Structure formats: C-alpha cells, structure tokens
Amino acid sequence: MNINYFDFDFKPFNLMTPEDYAKVGFKSGLEVHQQLWTDKKLFCRCPAGHYSSNYNAEILRHMRPTLSELGEYDGTALMEFKTKKEIIYRINYDTVCTYEMDDTPPFMMNSNALDIAMEIAMLNNAHIVDEVHIARKQYLDGSIPTGFQRTAIVSVGGALPYKDKQINLIQMSIEEDSCREVSDVGHKRVYITDRLGMPLIETVTQPEMKTPQEVAEVNQIIRKMARSTGHVRTGMGAARQDVNVSVTGGTRIEIKGVSKITKIPLLTYNEAMRQWNLLKLRQELWNRGINAETFSAENADITKLMRKTRCFQISDAIAKGNRVRCVLLHGFKGLLRWQTQTDTYFSREISDRVRVIACLSTLPNIMHSDSMSESIPSSEWSIIKKSIGATENDTIVIVWGDERDSLTGANEIIIRAKEATIGIPSETRQALSDGTNGFERILPGPERMYPDTDLPPIKITQERYDKIKAGLPKSVWIRIKNYQDLGLSEKLSEEIAGSRFADTFEEVVYNLKVDPKYASFILIDFHKRLKKEKLNISVLSHEDYLDIFRNYQSGNILKEGVLHTIRKAMNLGKYSPDMLPKLCVDPELTQIINQAKAEFDRIKIRKPEFKTEILMGITMSKLRGKVKGQEILNLIKD
Amino acid sequence: MDEKELFKGYRGAALEALKQYNAYIWSDVELTTDESTFIGLILPRSEQQDEFHIVIKLRTGYNIGVRASKVRDIKINGRKEAHYKIPEKEFPYSPKMPRVMLFGTGGTIASRLDYRTGAVIPAFSPGELYGSVPELADICNLETVKLYGVFSENMGPEQWIGTAKAIAAEIEKGVDGIVIGHGTDTMHHTAAILSFMIQDSPVPIVMVGSQRSSDRPSSDAALNLIHSVKTAAESDIAEVMVCMFGPTSDMYGILHRGTRVRKMHSSYRSTFRTIGDIPLATVNNQSIKPLRSDYKKRRNDRNFKLVPYFDDNVAIVYYYPAMHPDIFDSLIERGYKGIVIAGTGLGHVNKPVYPALKRAQEAGVAVYMTVQTLWGYAQMYVYDTGRDLMELGVVPLANMLPEVAFMKLGWALGQTHELDKVKEIMLTPVAGEMTEREPSNGYLIFQGGIPEVEEFISTIKK
C-alpha cells in the first residue's frame, strides 16, 4: 500500500475523532483474562485466592529455550535467553505446593473450573470443543517456574452484541495464572508465587474495534458477561486484559496486563500514534536513502577515551570497572528525538531494548548526540565523534555496563535502529501509568506452543454439556431488559445484570417480592459505599442475602436492620442469623417511649409545637432499626 | 508411505473421516463441522486416545479435538510436516581439552516429543547437544555413542554388561572421563552394578539424567549435563558416581558414590540422596568441591578390572507383616538362586516364613538380609528373631542398600553358584557398598515445620 504517513498528524487525545482513527486504520482486539471462582487452583489442590507477600523459602532457577513441536525455536525464547536472568521464586507453604515449584507433575484439571469456563463460553454463544487438549505456552521470562503456561482451548467462535452490531470472538481458553513480579533489576528477577496456578479464562476477540473508546466499551461487556455467572473473581488483579492495536501498514502490537479498563482509551491512542510515527520515521529514513540494505552502523569500545569524562554516570561506571561503548548510526542525525508517543521519543524505543535485553536497568542507560539536555559536554562529543569518524549527518549512542552487557547493549541499539528502516517490530509492550507504553519483549509466535505430555486430552461428554446448558444463567442482555421492565433505569439495570448479584436480585424480587428499587439499593448502591469503606464485600453468600431479605420481607427486621446486618457480617468476615437485630416490642418499647417523654418534660422547650419531632429524635436514637418509625409516631401521639 | 503412517494413530470413526477426504496427517486443512470451521494442521493422534476425535493444530498454536461424526467437509490447502530438529552444530575440537565420552542409554537427559504416544522420547548426538548446551564445548572435547534407547525401567543385565564393556573399551583407548546418560528411575541400580563390574577405574565414571525433560525451559537436563561433563573431564575422583541436583534450585549438583545413592522422590529435581553417609563432592559450573578425602584418585595408568557378569535369578522380597511363606516357596520352586530380603527394623521377618527360609537353605538359595528403613545396619544378633534367622542361613549385609544388595547378589551369582564363594564376594566391600561406620550426619532428614529447620530453610535457597 502506498501511504504518505506525513499526510496525517496525530492530534491531542481529546481532539481525535472517529474519522481520524479511520484515517490511520486503527484496529484493536482484546484478550480478556478473568480469574474463576474455585476453591482450588487449576492443576493442583492448593487453595485458590489466598494472597500474601510473606514467604518461607526461595528457589533459584534459569530458563532455557526449547523446541516447539514443529521443530522451531521461538523468537521470544531466544531473546529471553540472551538476557541470562537469575530468577528467584518466593514460596509460601500455604499457597504453593511442589506442583507450582515444578517439582511434581500436574494433577488432573480442576473440573469445576472447566465447568465455569464452559458456562461462560455458552453465554458467549461460542462452540465448545469436543476434546480439550492441554498445551504448554512457553514463557521464558520466568513468570511461570515450568517455563510454560498450561493452557487449553475450551471454545471457538461466539459473538457478543455491541451497539447496533456484534463483536466476534476468536476463542476462549482456560489457563493457569502466572507469578506476580516483585522486582527486576540487572540480571535478577524476583517473583512471588501465590497467584501462580489460579484458574483463569482468556476470551479473545476479533480485531474489530475501530476507536479507543470502543475497545473500552467492548471490554466492559465481556467482563460483565463473565461476572453475570457469579462464578468469577472480582477485585484487584482478578481481571486483566491484553490489548492488541495496529494501524494501516503497522504491526499487531500487544499491550500486556492492563488491569483498569478506564486506562485503555489513552493507551490504545498512544500505541496507534507510536506506530503511525514510526512509519513516518521509516519514510523519513527512506527519504534519506537509508533502508534495510543500505543501513550501516558501527560500534566501538571508548572506555579509554572517556576516562576523564565530566559525565558522572559514565565516570562512576568506569570507576566500577565497567566498559563504555559507542554506536555510530550513519545518517540518523536528529532521529532519536523523533516523537513516538505523547512526550516520548524514538530514543526510548532504544533505551527500552537495552534495559530489557542487556539488563542495563539503571536509567539513563544510554546517551545520544541528538539530545541537547544530556550531561556530556559538547567538547567530549566532538572527541568521540572524531575518534569514530562520525559526520554531521550521523548520530552517536553511548551505552555502558560490564563487558558482556555493554556489548549486548550496543548490538541491541544497532538491531533496533535497523528495525526502524523496516517497520514496527513485533513486540509485546507494557502499559505505563502515564498512558504510554514501553517495550516488554519480542512478540512470541505460535512456535511457542506445544502439547502438554503430562496430561491426556479431556473429552467433553454430552451429559456434561447438557447439564451446564440446563443450568445456564440468563444472558446479561435478557436480564437488562427484564430489569427495565421492573421500572429500573437502563444504567442501573446494566449494573445489576453485570454484577455477581444478578441471581440474588432476581430471586429477591421475583420470589420474595421485595421492591426492586429497594433490592437494587441494597445490592448495588449500599455495597458500593461499603467497598469505599474498604470492607470485604464478598463475605456474604447468595443464601446469606436471601436469609436477610426473607427476614426483611416477613417483617422480622426493618430496612435499617438490613444495612446493620450486612455491615456487621462484613466487619466480622462471616454472616450468621443471630446478627439480625431483634425488633423492640412491649413492655421494653413502652418503657423507652415513657423515658423519652420524661426526658422531654425535664428539658426546657422553646417551641412546644415541635414536641412530636423532638420526641421522635430522642426515641429513634435508641430504636433505630428495631421499630418502624410510623409505629413510634403512633405511640408518641398516644 | 503406508496407510498407517499417513494416518498415524487414527483408527475407527476418526480414520474413516480422514480417509474420506484424503486428509493425511500434517495436512493444512479447512475442516467444517455442523457448528464451525477450523483452520489448521491435522496432527497425528496418540494411540492411547479414543477413535472418535481428530486433532487439529489451530493457527494460534493450540490443539483441539473435533468429534469425527460432526465433520461435514475437509478442504486440503497444503502440508506442513514437523521436523524435530535441534539446531545441530559440529562440536568444536580443541587440542588442550580433555576427552570425554558420553554414552547414551535413554531416559530424559536429552529428549523430544513423540506424537504417537504424546510422550517424550530420547534423542541425542554431540551436534545436537552442542546446539542446545553450547557450554559443554568450554569443558571438553565431547564424543557421544548411543548404546541403547530405553527408559530406565527397561534396563537389564544385557544393557548393564554392554555398558560396562563399552566403558572398559573407552578407558583402554585413553579417555579422560566417562558420562552415562540414564533414566533416573533405576539410575542407582545401574550405578551400583557398574561400581561392581568396573573396579579401580583410573578415570571418573559419571551417571546423569534429568527429572524435568529437556523439552521444558525449566529442565534440569542442561545443568546436570554441564556438571557431569565437568566432573568427568576435570575431577580427580575416579569412581562410579551419580551426578544430580543438590537442591531444587539451579545451584549445584551433588556427586554421590554409586553404591550409596538412591532416588528418594518420584519427581523432585533433588531426588537423589546419599544414604547412611555423606556424598563425595558438590559441583557447579565453576568448580568441584570434595566433601571428603577418602575417594579413589584419578590415575594415568589404564589398569582396572572388568567383571561383567550377572545372573538375573535374583529377587528382592520387601517384607510386610503377616507375610505368608509361599512368597519364598514360589521363588524357590521357580529356581531363583538368590533372595535379598528388605526386612523390618534391624533385619527381621515373622515366624511363619521360617520354614520357607529353611527350605531355601536346603535348596541352596542364597538369602541375604537388608533393612527397609534404608538408613542403619542389619544387626541380626541383637534380638532372638535375628539370631533364629541367621541359624536359617540368612546373611546380614550390614548397611548395604536393598537395591545395591540385589545388584551385587546377581553379580556374585553371575560369577559362581558356590554359596561360600558367593558369601565371600557379598561380604567383601568393593566400592563402599558397606561401610564400617555411619557418621551421624549420614542420617539427616530435616523435618519441615520444626522452628529451627524453618529458620534454616528461610535463609538459604532450597
């Protein structure tokens, strides 16, 4: 395709229109990860959902690339091998057994988890596979001690309604979750293993979203659909997504592990901009006559030359016995200051690679001659330029580290610069808090998949299929319509339908005949408030809520009592029926009223016409939640 | 190619469906079912799996199984056969480096996937090893010979004798060290028999394997290979050793004496442990650190003894309470020549089997006693039971491990059937299989949960 990338410049985020995104050919797809609500992990019998940063022991491992079943090495695998990382796993006896440590083969897949995955697949109108084959997906970053993730396709296809169209799904898999990274400095990466092995599903959409906002909206829909089963986990880190973005002429880039949906629009905008600007950079390089064939670069050890540098980062490095290398990029003058993302330049693409692959993680890890604000004086630049034979049109990049890392770093600089003449390298990128993204690793291909030889395939029997189908909760769309029919607003209906309380709400409203507005207030609004108060809102079960509402509906407790009970259960971490406040009846009731009347008589009242209100105030403070207000009013008036 | 190869692993309904569309394995297809269309490669099917499903590798790399009865059409768009090839590079030769011979017998030290069974099968050559563990070239000039390709449970007298002879021939040719790749399940059996068959070797003989197959990124195979090759090339310990992970972490290997080592966990990396003594040394990629000095030293001569005999009419009887005597009687009737008992405690069995032991004695069957506690000595003089058993001709084997005693008895009976001579061979230590004393740190099994143990564990990498 012949596109002049200079014909369009990215506008600031809030000025971009759908037409602008159409112009650059914005395309995005999602891989939505959602932890399942099971008691135990996916391939062993460790308890699920217990997180703690405390650990009892540490294990040290390294990762080596292996061949896929098609006999090919995976690109990422080789990259990770270049980094030569020491990987430390922190082990807590309560959350991890010898399976997660990769010292025991897997146990058979948790069938409860597979049932939940099938349930969600059916809600997504997807086709459940006849035989589930467990695969190993290589991860050489160490995030899984085996070096691979056990994963299996549960369903293919399927679609979700979205506005006036539908979003098509590619597939859904069930897989074990990975470790949480604690730190990654130099050649040492530390992981905590508590989350490792948790069951999760990954729902993959077709790349059919055309604007950053659409990506976020579709993500919400997928998340709600899964949550409406009541069988998935919620809360920090329980749902995460990988977002794929490309523009016309660009490459499918995966932004990994985005946990907040609200971050997605800005992230995808920045990635689209990055690709567009890198394609523009390529055009500029071609205009300068630099392409993959004509590209040339050199690298040299300039440690001796820099002995007396006034740049403290470099002089410190030399003092520690490190080497300094410089890379000469012919014809690149000014291009390291080429903008890629918001306030981000091509030099960051290079710095990221050096950080990840050469393990030079202390920033800055490079300095270059295109930047005016760096700490190397111009006189020193002149000496370096002269020594390596640089002309006015060239750019010089300096990198430092031990013998091996500085050489790896210099080579990586050349590799990344050369890639700029070709296009957008296939990478996975990490989301950063400012809405930009950084290099994480080379995008792995299908070569990293190979069958798990430890576990046989699982046949999905008709009986199992039918049983799950029969117990399928209503689709979120039908629920929303039903709730609107009850007189609730569209927004509230969506909120209930997408929450784990959907089933509870329906039973409370349809069977116990509780007022829908009141039920939604308790289950949605009140719970939001409690969540803000940092209470654990997943303490009560469906049955617990039914018990409370049943008591409410039969008049055993009052509205206030409902709130009081739920809050108390969350505070204590558990519900029991004796938490329900007892109604106040005679003779205690009359006694309290009489006391209030006596108190009223003792105090001097300026406005006796407010007697009723004042008496109400005094009594309610003692009887709140135990007697209906109307009843007190009647007693006071007596 | 015959049909079996073209549709490898398929039978019944699945085979019929594939045949109908000429969809051979490795065909790149568009397969349509009642519900959906799948694009990918038809894979071979494991023969142990059922006959109703077809396996497809989707473009994403995932495999799924499709019920054959649902297939409505298969369109073939090409073919892509897998070639399991580890990038092979010629192992570099450097005149200054020691020469090490790696014998392969099978096991998972080097392996690849087998599609028929879905299992891991052994594979190896110097070029492949160099392609996957290039560090080896910094240690030695490596040569490899594949002696056998069997899982370790299938090793037997033929393989033991063959391996011993191959080692002997290599030593005579002047090799600097020998490494034997072996499955881990019976590695300690083979280590024991080689300790008896090759006596006074002038060079190290190192057995190695892996607990996590080398098709996994976290495999211990590469590190075990590096450690064992380094030991063979550089160490001055000229004994038969087992070289496997010390802790589960990628830190160091332990060199265990071939007659005192045992696999102690079904799957842990650090499964091998020296029993009733301390190991010979530790090894990492930098150095070999001896833990004791009483080992046999490397020599420049080529004087050693090859004793390659084995009679497999031998059995181990693992004693259990209320055992019936017919267990022994059946062995006697079947013509077994030797029985090693793994007895309880100090070496005991119950009274009802005494008559059978008497019959064994009369039939000229050699009966020896070891302890199923693994640690400690058979001391049959302590209790009456033991004394009665010795009266019946049962000979205690001190602290010889049951499996080692089994191997030694087969080896002794391979040389002679004269019971006195067998007894002399059995009671004369050859390679540390019996020791005069057990040091107190020869029995250290940390008990998890105990505060001081936990404190220790939390301060070191396991």
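**Conventions.** I worked on a predicted model, in which local features need pLDDT of at least 70 and side-chain atom pairs count only at pLDDT 80 or more, while totals for chains, interfaces and linings use all residues. Residues are numbered from 1 along each chain as its sequence is written, and chains are lettered from A and ligands numbered from 1 in the order in which they are written.

**Entry 1: the side of chain B that touches chain A.** I found 43 residues of chain B in contact with 44 residues of chain A. I looked up which elements contribute, taking helices (H or I, at least four residues) and strands (E, at least two) as DSSP runs numbered from the N terminus. On chain B, β3 (53-58), β4 (63-67), β8 (119-122) and α12 (451-459) each supply at least two residues. β4(B) gives the largest share, five residues. I sorted the residues by class, with Ala, Val, Leu, Ile, Met, Phe, Trp, Tyr, Cys and Pro as nonpolar, Asp, Glu, Lys and Arg as charged, and the others, Gly among them, as polar. The side of chain B that touches chain A then has 15 nonpolar, 16 polar and twelve charged residues.

I also checked strand pairing between the chains, where two strands pair if DSSP finds at least two bridges between them. Strand β5 (residues 131-132) of chain A pairs with β4(B) in the antiparallel sense, over two bridges. Opposite E131(A) I noted G65(B), in β4(B).

**Entry 2: domains.** I took the bounds from an automatic or database domain assignment. For chain A the assignment gives domain 1 (5-285), domain 2 (296-420), domain 3 (474-579) and domain 4 (588-637). The C-alpha centres of domain 2 and domain 4 of chain A are 81 Å apart. For chain B the assignment gives domain 1 (3-79), domain 2 (99-306) and domain 3 (314-427). Between the C-alpha centres of domain 1 and domain 3 of chain B I read 56 Å.

**Entry 3: a sheet of chain A.** I traced an open sheet of four strands in the order β15-β16-β20-β19 (chain A), with antiparallel pairing. Its edge strands, each pairing on one side only, are β15 (297-301) and β19 (366-368) of chain A. For angles, axes are lines fitted to C-alpha atoms, for helices over the stretch in contact, and the values run from 0 to 180 degrees between N-to-C directions. The twist from one strand to the next averages 20°. Within the sheet, strand β16 (residues 323-329) and strand β20 (residues 395-401) of chain A run antiparallel and are joined by seven bridges. L328(A) has I396(A) in β20(A) as its bridge partner.

**Entry 4: helix α7 of chain A.** I saw α7(A) lying across β19 and β20 of chain A, at about 150° to β19(A). The axes of α7 (residues 346-357) and α9 (residues 403-419) of chain A come within 9 Å and cross at roughly 140°. I therefore call α7(A) oblique to α9(A), since angles under 35 degrees count as roughly parallel, over 145 as roughly antiparallel, 65 to 115 as roughly perpendicular and the rest as oblique. The contact involves E349(A), I350(A), R353(A), V354(A) and I357(A) of α7(A), and T408(A), G409(A), E412(A), I413(A), R416(A) and A417(A) of α9(A). By class I recorded five nonpolar, two polar and four charged residues in this contact.

**Entry 5: a helix pair of chain B.** Helix α5 (residues 187-197) and helix α10 (residues 402-415) of chain B pack at about 40°, with their axes 9 Å apart. That angle makes α5(B) oblique to α10(B). From α5(B), H188(B), H189(B), A192(B), I193(B), F196(B) and M197(B) meet E403(B), V404(B), M407(B), K408(B) and W411(B) in α10(B). I counted these residues by class as seven nonpolar, two polar and two charged.

**Entry 6: backbone geometry in chain A.** Most residues other than glycine have a negative phi, and most peptide bonds are trans. I noted a cis peptide bond between L363(A) and P364(A), with omega about 0°. P364(A) sits in the loop between α7 and β19 of chain A. K513(A), not a glycine, has a positive phi of about 60°. I located K513(A) in the loop between α13 (502-511) and α14 (516-532) of chain A.

Terms used: Two residues are in contact if their C-beta atoms, placed from the backbone, lie within 7 Å.
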